[in-house]
Amino acid sequence: MVFFYLFFSNDVFPADSQTRASPAEIQHLQESGEDPRPLSTFISSCSEHYSPPPYQHSHLSRHEIPLCTPDDLLDIIREPSGYYELPTDPWNEVYPGILLSDAPTALCTSLLRRMGITHVLNAAQGKEKHCGLVNTWPGFYTQSGIRFLGVPAFDNIVFRIHPYFEEAAAFIDDALKSGGKVLVHCQCGISRSATLVCAFLMLKRGFTAQEAVKAVRNNRAIIPNDGFLRQLCDLNDKLKRKPTIDYL
């Protein structure tokens, strides 16, 4: 019931606390119709399947300040209303040749053929549907002639999605170089898939994290969780921070 309420409501959600609600709190919020927290804090962490240590800016020295923060990216995501919003369409072209979509779109191969999709990147590959995973594999698209890449990511603030940035970016880049069109999806097309598209823009098109998030957000409402935003900020620092020289 909670999952249905979160992803199929037409409401927008103001930003406030990042804490995870208890079942009693969720019930109260459902009844009152008020929810001050972003959707991503309520998505099932499926901790029985995956519980890695929290991700941190391990590459920064003690005195370095990140070039961007999750709050900076959240300000962009919430523009112009200041609220979190859900997509109004199942898919949107967020960059030339790159479409960001939900799972039902990705599962309809006849629709993908009509859309001219040549590559599919599943950012939520796995069999545990109750954890927000989507069970597709290369053979699922064989008859459609569509190339496939799967990333087994959970929409969890402690999930380390950054090890998949390079592979996902290379897959998307190869699709575009070949004149193809790539569909990037997860369960709802707002967090995991959006994060990988932003990483592609940063790695292959030279965008800053702020520019990448803005480019995607201008074409589709997205809500990457705080952990994913932090990892995009980390990538931004690695790509954009100028090397410094220590003088003795």
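## Cysteines

C198 is buried, at 0% relative accessibility. This is a predicted model. C233 is buried too, because its relative accessible area is 0% and the cut-off for buried is under 20%. How many disulfides does a search of the whole structure find? The count is 0.

## The open sheet

Which order do the strands of the open sheet follow? There are 5 strands, and they run 3-4-7-5-6. The pairing is mixed. Strand 3 (91-95) and strand 6 are the edge strands, and each of them pairs on one side only. From one strand to the next, the twist averages 25 degrees.

Strand 3 pairs with strand 4 in the antiparallel sense. There are 4 bridges between them. E93 has L99, in strand 4, as its bridge partner. Helix 7 packs on this sheet. Helix 7 touches strand 3, strand 4, strand 5 and strand 7. The direction of helix 7 makes about 160 degrees with that of strand 4.

## Helix 6

Helix 6 covers residues 165-177, 13 residues in total. From first C-alpha to last, helix 6 reaches 18 Å. That is close to the 18 Å expected at 1.5 Å a residue. After helix 6 comes G179, with a positive phi near 80 degrees.

Which residues of helix 6 are buried? They are F165, A168, A169, F171, I172, D173, A175 and L176. One of them, D173, is an aspartate. An α-helix has 3.6 residues a turn, so residues three or four places apart point the same way. F165, A168, A169, I172 and L176 are among the buried positions.

What do the buried residues of helix 6 pack against? Four of the partners are strands: strand 4 (98-101), strand 5 (119-122), strand 6 (147-150) and strand 7 (182-185). Helix 7 (192-205) and helix 9 (226-240) are partners as well.

S191 sits in the loop between strand 7 and helix 7. Is S191 buried or exposed? S191 is buried, because its relative accessible area is 1% and buried means under 20%. Leaving out residues up to four places away in sequence, S191 touches D155, C186, I223, P224, N225 and F228.

## Aromatic pairs

The model has 7 aromatic pairs. One of them joins W137 and F140. Their ring centres are 5.6 Å apart, with 70 degrees between the planes. That pair is edge-to-face. W137 is partly exposed, at 41% relative accessibility. F140 is partly exposed as well, with a relative accessible area of 27%.

Why is the pair of F140 and Y141 edge-to-face? The planes stand at 75 degrees, so the pair passes the mark of over 60 degrees. The ring centres of F140 and Y141 lie 4.9 Å apart. Y141 is buried, with a relative accessible area of 0%. W137, F140, Y141 and F148 form one aromatic cluster.

Methods. Residues numbered from 1 in each chain as written. Predicted model: local features only at pLDDT ≥ 70, side-chain atom pairs only at ≥ 80, totals over all residues. Heavy atoms only, no water. Helix = DSSP H or I, 4+ residues; strand = E, 2+ residues; numbered from the N terminus. Expected span 1.5 Å × (residues − 1). Buried < 20%, exposed > 50% of the residue type's maximum accessible area, 1.4 Å probe, protein only. Contact = heavy atoms within 4.5 Å. Phe/Tyr/Trp six-rings, centres within 6.5 Å; stacked < 30°, edge-to-face > 60°. Pairing = 2+ DSSP bridges. Axes fitted to C-alpha atoms, helices over the stretch in contact; angles between N-to-C directions. Disulfide = S-S within 2.5 Å.
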